[in-house]
Structure formats: structure tokens, C-alpha cells
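I open this notebook to record what I looked up in one protein structure. The entries follow the order in which I consulted it.

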Amino acid sequence: MQPMGSTGKKTSTGRPGETGAGLGGAVDEGPRAGLDPVAAAALVAADKRHVWHPFTPMRDWCADGHEPLLLVRGEGAWLWDQHGRRYLDGNASIWTNIHGHGHPHINAAIAAQLQRVSHVSFLGTTNEPAIRLAERLAGLFPDNTLTRVFFSDDGSTAIEAAVRMALQYHSQTGAPERRRLLVFERGYHGDTLGAASLGGIGAFRGPTAGFGYEVERVESMDQVRLLAPEVVAGLAAAVIEPLVQGPAGMRPWPAGMLRALSDWCRRQGVLLILDEVMTGFGRTGRMFACEHEGVVPDFIALAKGLTGGYLPLAATLTRESIFEAFLGDVAEMKTFYYGHSYCGNPLGCAAALANLEVFERERTLVGLSPKIEHMGRRLQRLGDHARVRETRQCGMIAAVEICRRKDPMEPWPWEAQMGARVCLAARRHGLLTRAIGNDIVLLPPLCVDIDQIDLAFDALERALGETS
Ligand SMILES: *Cc1c(COP(=O)(O)O)cnc(C)c1O
């Protein structure tokens with residue numbers, strides 16, 4: 001680790017009006033910014049004894065030689081580890097963080113709600129932050145389109161709610177034969193059984209392969225158009241990540257694809273479920289990805305960035321006409337019997353309201369264009385690198401696909417774990433991010449500044465040089 005001798009230097013939070021430190025290398029601010037070394041070592045040992053981490057090969061994690069990064073503090077786009085070393089949060093804490101860590105407005109909103117009540121049931125009672133948030137979310141879409149908001153906990157449950165609503169809607173409106181879901185190769189919609197069964201990445205389905213919803217899986221809009229009429233007649237809904245498939249390696253759809261799918265769905269009586277769990281809240285340069293192609297779906301699933309990345313909360317929005325199919329005499333059994341203990345959690349809703357307020361106060365979306373353009377320039381430069389197969393970008397979402405050789409093209413075998421190794425090397429230069437196979441993801445909080453974007457790309461370029 002390279003101490004940069006910046007102890008005491010005021011660091012940028014990456015918020016408007018401040019400039020980044022622009023230093024290459026994980027800045028070591030010493031134990032003052034970290035944990036007592038003995039306490040840190042004890043925590044790491046306890047982690048290795050008791051914790052099971054998601055999407056993590058645990059033998060390697062628990063190995064003696066592996067020292068996990070224990071994050072102790074965050075401010076703006078920066079994070080600090082147990083040793084007081086500072087990193088740029090290059091994947092926005094797994095695609096959740098929007099305005100930076102420790103934002104005073106979001107912190108204050110959570111603290112104020114904490115003084116009132118932390119959690120009350122949403123089954124048969126209601127609360128102010130949830131009501132206000134529902135009103136606010138509905139207001140983000142064109143008038144009288146997505147008017148109803150169903151709260152849950154995370155992306156998987158937001159998708160689950162949408163799919164179950166779609167299936168129940170058809171069974172209550174005279175089309176019970178519409179039971180299958182139209183889904184896409186390489187799509188990803190979460191890890192609960194139902195959500196996983198919609199996914200098109202084999203490795204993520206694991207032992208759930210063969211369980212879950214009945215699906216019709218296609219690759220492209222061309223294949224959608226070729227579906228036999230009897231197959232189409234059995235479709236309840238199409239589920240898609242609009243504009244860009246995230247866990248597939250940030251792969252953009254062809255321009256116009258979303259519009260075409262939406263039109264096709266409308267003509268065929270198939271409901272459209274948009275998974276904006278990753279793309280929502282400004283990531284693509286607009287508030288929601290569907291705005292780029294003028295599409296309003298029948299359902300939209302929101303999660304990750306909903307609370308600015310502070311608390312687990314999700315929302316499924318739908319149309320009034322769909323909601324109305326669930327109204328009736330109790331004995332008619334039209335009620336949506338689905339929910340979770342923490343639906344409408346007041347702390348999460350307060351954080352989400354504050355997140356939306358920050359979008360307005362800081363004019364976050366307006367400020368994105370120069371950042372998106374700068375990322376584009378740096379990606380283009382990286383695209384010429386001998387070990388980079390291609391780069392992809394959709395607004396503030398980017399991926400760099402690495403390879404062993406470009407001409408003739410030779411990919412790294414996934415067992416080589418080169419993506420993970422490059423990310424590890426990049427850490428030494430102050431960038432924290434995570435690869436998906438050979439795709440290195442750059443998805444910083446929207447509050448990053450140009451200097452911080454440069455730091456991320458400088459770190460990645462150096463890391464590539466060191467690992468190939
Ligand atoms: C992360 C993600 C999900 C799942 O959300 P969780 O909160 O992890 O359950 C679903 N869809 C997309 C596109 C995602 O990126």
C-alpha cells in the first residue's frame with residue numbers, strides 16, 4: 001500500500017461545489033480514519049468463523065492469506081477501510097448509492113423519522129412517510145399512468161409482486177390461460193425462487209433450475225415477433241431490464257427495442273413489467289430508463305437506488321386499471337394476498353423521500369451530462385487497450401470487458417478470475433469495484449466528480465497493466 005501522505009487533507013465528498021482530491025492510489029489516512037488494528041483483526045477472524053457472504057467463494061474468503069476489506073466509513077463517493085485507507089466507491093455499493101454516503105439531508109430525514117417510529121405494520125394500518133412516498137413516486141410518471149404503489153423490501157420482491165399481480169390480474173379478468181412469462185436470455189431479476197426462474201444467466205439459477213414460473217425465453221425482439229400465436233396467447237407478461245441488461249455485463253439493447261417490445265405487448269394483450277431495479281433513479285441519465293423511449297409499462301419494479309442506497313426498500317408501481325381488477329367483495333377472493341413484514345417501512349420511506357428531494361435540490365440529473373461524456377471519453381481510450389475486448393456504456397453505467405488477446409480474439413477463461421484480479425489490483429490505486437466474470441463494472445454514485453471519474457479510470461488502466 002502506498003501511503004500518499006495526505007493525512008489531514010480535506011477530502012472531497014463528491015458533492016456539487018467540491019473538487020475531488022484526484023490522487024492516484026488508495027489514500028492512507030492512518031488508523032485515525034480506520035479501526036484499532038487489534039479490534040480489526042478480531043472482527044475479521046470472527047467474520048471468517050461465522051459469516052456466509054453472498055456470491056462469494058467462501059473457501060478463498062476464509063483462507064489465511066485473505067484479508068477482507070472491512071469498510072468502516074463513507075462520505076460522498078469515498079469509503080474507508082479498517083486501516084484508514086480511502087477508496088472511490090466505483091460500483092456504488094453494489095449499484096445502490098446515488099448521492100453519496102452520509103449525505104446530510106438523507107441522514108437527517110432518517111434520524112427525524114427514528115425519533116417518531118422505526119417500523120409499523122402496513123397490513124391494515126398506514127404511515128405518513130409511505131403515503132407521501134407513494135404520492136411522490138406516482139408523480140414521477142406521466143399523469144394517470146402508474147398510480148398505484150406496492151411496497152416491499154428489495155429488487156427480487158418488487159419483481160415477485162409484479163409477476164404475481166400480472167398472473168392474478170389475468171385470472172380475474174377472464175384470461176386464466178395467460179400463465180407464462182416472456183423473459184430474455186442473460187436477463188437478471190433477483191435471487192428468490194420466482195425471480196431467479198425469470199433469469200437467463202445459468203450460473204445464478206443454481207439448484208433452482210427447473211423450479212419457478214413457466215417461462216418462454218427469447219434472445220431478441222426478432223425472436224419475440226416469431227413466437228407462434230398459441231404461445232403468445234398463453235403469455236401473461238413480458239419481463240425485461242429496459243435499455244441495458246445489468247448482471248449480463250451492462251449490455252445495452254439496440255435503440256428502439258424497448259419501444260418495439262412495448263408496442264408488441266400492447267397489441268398482443270401481454271402486460272409489460274420493467275425491471276428498473278438497477279436503471280432507476282438517474283443511472284441512465286434520465287430518472288428512469290423507460291423515459292428514453294417514451295414507454296410507460298404496466299408495472300415497474302424499483303429498489304436499489306430508491307432510498308439513495310441507505311436502506312432496503314422496494315416499490316412496484318402499476319396502473320389503476322390493473323388495480324381495479326383486484327376490487328370486489330371479500331368472498332370473491334380478488335384480494336392480493338401477498339406482502340412482507342417490512343412493507344412500507346417508515347425509515348426506508350423517509351430515506352426515499354429525502355433521496356428524491358436531493359434530486360431536486362442539487363439538480364442531480366442536469367449535472368450528469370458532463371460526467372457521462374467524460375466517462376465516454378475515458379471508456380473510448382480504454383477500448384484501445386490491448387487487453388480490452390470492448391467497453392459498454394449506458395449513461396452512468398459502464399463495463400470494460402477484458403480479454404487475453406484481441407487479435408485474434410482470445411477471452412480469458414472464467415476460471416482465471418481475471419476480472420476479480422484486475423479489481424483487486426485496482427484497489428491498490430484507490431478504486432473499489434467488482435467484476436462480473438470478465439466484465440469490470442464502473443457504476444459510481446451519481447455524485448462523483450470529473451476528478452473522481454479520472455481516478456477510477458487511472459486506477460483501472462494501471463491495474464490492467466499490472467495483471468496482464
Ligand atoms: C439487483 C437487481 C435485482 C435484485 O434486487 P435485490 O435487491 O438484490 O433483490 C433485480 N433486477 C436487477 C436488474 C438488479 O440489478
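Predicted model: local features only at pLDDT ≥ 70, side-chain atom pairs only at ≥ 80, totals over all residues.

Which backbone oxygen lies 3.0 Å from a polar atom of the side chain of Asn127? I found that it is the backbone oxygen of Gly344.

Residues are numbered from 1 along each chain as its sequence is written, and side-chain values use heavy atoms, with hydrogens and water left out.

**Entry on confidence.** I read an average pLDDT of 93 for the protein, with 94% of the residues scoring at least 70. Over residues 1-24, however, the pLDDT is below 50.

**Entry on Asn127.** I located Asn127 in the loop between helix H4 (104-116) and helix H5 (128-138); helices are DSSP runs of H or I, at least four residues, and strands are runs of E, at least two, numbered from the N terminus.

**Entry on strand E18.** I then turned to E18 (residues 439-442), where Asp439 and Val441 on one side and Ile440 and Leu442 on the other are all buried. Strand E15 (residues 397-402) pairs with E18 in the antiparallel sense over four bridges; pairing requires at least two bridges found by DSSP. Val441 in E18 is the bridge partner of Ala399.

Terms used:
Buried < 20%, exposed > 50% of the residue type's maximum accessible area, 1.4 Å probe, protein only. pLDDT = per-residue confidence, 0-100. Contact = heavy atoms within 4.5 Å. Polar contact = N/O pair within 3.5 Å; in protein donor to acceptor, adjacent residues only side chain to side chain.
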